[in-house]
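Here is a short tour of surface contacts and charged pairs. Please keep the structure open as you read.

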Amino acid sequence: MIKTPMPSATAPDTKIYDRRESKVRSYSRSMPRQFGKAQGPWIHDSEGGRYLDFLSGCSSLNYGHNHPVLKAALMDYISSDGVTHALDLHTDAKSAFLQTFEEVILEPRGLDYRVMFTGPTGTNAVEAAIKLARKVTGRELVVAFTNGFHGMTLGALACTGNAGKRGGAGVPLSHVSHEPFDGYYGDEVDTADLLEQRLADPSSGLDAPAAFLVETVQGEGGLNAARPEWLRRIAALAKKHGALMIVDDIQAGCGRANGFFSFEDMGFTPDIVTLAKSLSGMGLPFALTLMRPDLDVWSPGEHNGTFRGNNHAFVTATAALREFWADPAFSDAVARRGAILERRLDRIAERHGLTTRGRGMMRGINVGSGDVAGEITSTCFAAGLIIETSGAHDEIVKVLAPLTIDDAVLEAGLDILEEAVAEAMPPVRQPLPSMNVAA
Ligand SMILES: *Cc1c(COP(=O)(O)O)cnc(C)c1O
């Protein structure tokens, strides 16, 4: 079903990348092809190879590549000379987005948030969130969590755990305390107890925090899924200590970890939420920060930006909300695919004595080392499957298939993964049947 990519005589000249593109590039190193077209879960290279995309732009393409409904909405808008750039002026596209977001997302969930359009990347939404929390509370410290990933600009980077990423800052990353995430010390220790104790102890050295910044499922940090009861305790601790609870839903939101928001039905409501990645639905840059209305203490232009509100993204985001989220059948279908994914990953894990991680359509398998995970992802790539790793040592092979993928295509991709794992690792030895033969 999946064609193995074959190099051909028309291979593109890729020397331009070595000559001109910065060394900072990363994904293109493990997938050294040049891509042209993409549709649904498929992406094609310029040499005729077709790949099944289980990376989905790190969860920026939850509805696959170039979804026909989203594409048509955007093409209509462009061909009728709809406004492309308007700073933060009122536009027809912005109005439609806000109305639809209110009607399809906020109201049915009983949520009341103000919507702040930040610069179009996730990191900017995080910057806005922590800036606002500091402004509202008059405090400096943000409590972030081990293995958290929040972006590359200095404020968000200070909240990010990964040493390699932090090393690029060039200045001290301060005003953040990294506390242990749920499960960090294993099942025996509830890290919410530790945090509670530190916050209550006037000699713990932990200053009163402005905010707790948390991912419900850590995307880059290894697909660690926090238990709802742990998240509820963090929310309660925030409230008790006058801090704001910020959920960074940039990767886990937009349906990836079940529900439009990953925290739905968990029994707590964050004070602030960040969204980006799949918000536009088509991979266009678009981010926002949601805040409780009484927290909206910004003065006009205080957190400014030239590209706040991407009108093309308003159009595709509105179309995505209408096409997918207005119909409860979509969530049911995503939950069903999540269950397929869980079953298949559990089977692989069991065969090789491994463990799985994650929630919904955001799951992975811990193969123990970055080297083994790298071997597995390379084997997959050679077989026509794009899949990446995450975690502190890149030891988690993570599946971020489109939420809209056909069940059969999902299974076909997982077949490739299953074979690649089998190639890289021996199955755990099954106990031999006992033999009643005298020695
Ligand atoms: C990707 C990501 C970000 C940063 O978003 P960018 O668009 O890359 O700046 C922040 N938080 C989480 C949880 C993410 O997954």
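## A nonpolar patch

Tyrosine 184 sits in the loop that runs between strand E6 (176–179) and helix H9 (191–200). Please bear in mind that this is a predicted model. Tyrosine 184 is partly exposed, its relative accessible area being 44%. Together with Tyr185 and Leu194, Tyr184 forms a nonpolar patch on the surface, and the accessible area of the three comes to about 310 Å².

Side chains of opposite charge can pair when their charged atoms come close. The structure contains 26 salt bridges. One of them joins arginine 227 to aspartate 190, with 3.7 Å between the closest N and O atoms. This pair links distant parts of the chain, 37 residues apart: arginine 227 is in the loop between strand E7 (211–214) and helix H10 (228–240), while aspartate 190 is in the loop between E6 and H9. Arginine 227 is partly exposed at 33% relative accessibility, and aspartate 190 is partly exposed at 22%.

Arginine 233 and aspartate 193 also form a salt bridge, at 2.7 Å from N to O. Arginine 233 belongs to helix H10 and aspartate 193 to helix H9, so their pairing ties together parts 40 residues apart in sequence.

## A pair between H12 and H14

Glutamate 411 and arginine 344 meet in a salt bridge as well (2.7 Å, N to O). Glutamate 411 lies in helix H14 (residues 407–424) and arginine 344 in helix H12 (residues 328–352), a separation of 67 residues. Glutamate 411 is partly exposed, at 22% relative accessible area, whereas arginine 344 is buried, at 3%.

Technical notes:
Residues numbered from 1 in each chain as written. Predicted model: local features only at pLDDT ≥ 70, side-chain atom pairs only at ≥ 80, totals over all residues. Heavy atoms only, no water. Patch = residues over 30% accessible without salt bridge, like charges linked within 9 Å, V, L, I, M, F, W, Y side chains within 5 Å. Areas by Shrake-Rupley, 256 points an atom, 1.4 Å probe, with all protein chains shown as cover. Salt bridge = Lys/Arg side-chain N within 4 Å of Asp/Glu carboxyl O. Helix = DSSP H or I, 4+ residues; strand = E, 2+ residues; numbered from the N terminus. Buried < 20%, exposed > 50% of the residue type's maximum accessible area, 1.4 Å probe, protein only.
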